[in-house]
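Student: I have a structure on screen and want to learn how to read it. Where do we start?

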Amino acid sequence: MPGMMNYLLVIVLTLCPLCCVTSSSHDRINAFEPYFLQIIDGDIEFLDTHCRSSNDDFGNKTMTIHSSFSWKFRRNIGETTRFVCTFWWKTADGLIYKETEFDVFNQQIGDECGKNLFRTNRCFWSVTQSGFYFAKGQPFNWMFKRSW
Ligand SMILES: *[C@@H]1O[C@H](CO)[C@@H](O)[C@H](O)[C@H]1NC(C)=O
């Protein structure tokens, strides 16, 4: 019955990818939490900021007091999504007074910010003269994270 065998083969080939997708969909869905991350200049008159990941490079941003910039992304499958920013606190005459670089998003910060799958997790960094503060949900209840 070669016709029957072909028919069965078609059924198996058609259903198999569905099985695979179904069995791994739990992991996949877990890996795509949506995030909104905002960098806020708290009180530094001349601040340059450069944020990037392995996929994105936002270039140098020139910031002033209370200016901000933000981006949205989804966490990747292995939760290895990482954004690094370099911050330059500059003087009025354009000299670099202080400079530092750190992860504004990585696995640990992502977990701290939130892991909601169906609502955007909102993470905030405030850059101030006294250091770097983090908040989740809303830009208040700041937690001190690091100094310059
Ligand atoms: C970004 O800004 C820093 C600090 O002002 C500066 O040293 C660097 O050259 C700038 N990079 C680019 C690509 O403009």
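Tutor: We take the ligand site, then the sheet. This is a predicted model: local features need pLDDT of at least 70, side-chain atom pairs count only at pLDDT 80 or more, and totals for chains, interfaces and linings use all residues. Residues are numbered from 1 along each chain as its sequence is written, and side-chain values use heavy atoms, with hydrogens and water left out.

Student: Which residues surround the ligand?

Tutor: A residue is near a molecule if one of its heavy atoms lies within 4 Å of it. Here Asp 48, Asn 60, Trp 88 and Lys 90 surround the ligand.

Student: Which polar side-chain atoms lie by an oxygen atom of the ligand?

Tutor: A polar contact is a pair of N or O atoms within 3.5 Å. For Asn 60, a polar side-chain atom sits 2.3 Å from a ligand oxygen. For Asp 48 the distance is 2.7 Å. For Lys 90, a side-chain N or O atom is 3.0 Å from a ligand oxygen.

Student: How much of the ligand does the protein bury?

Tutor: Accessible areas come from the Shrake-Rupley method with a 1.4 Å probe. Alone, the ligand exposes 370 Å², and the protein buries 45% of that.

Student: What is the strand order in the open sheet?

Tutor: Strands are DSSP runs (E, at least two residues), numbered from the N terminus. Two strands pair if DSSP finds at least two bridges between them. The four strands run S3-S2-S5-S6, with antiparallel pairing. S3 (57-63) and S6 (96-105) are the edge strands, each pairing on one side only.

Student: How many bridges join S5 and S6?

Tutor: Eight, in the antiparallel sense; S5 covers residues 83-90. Lys 90 stands opposite Ile 96 in S6.

Terms used:
Polar contact = N/O pair within 3.5 Å; in protein donor to acceptor, adjacent residues only side chain to side chain.
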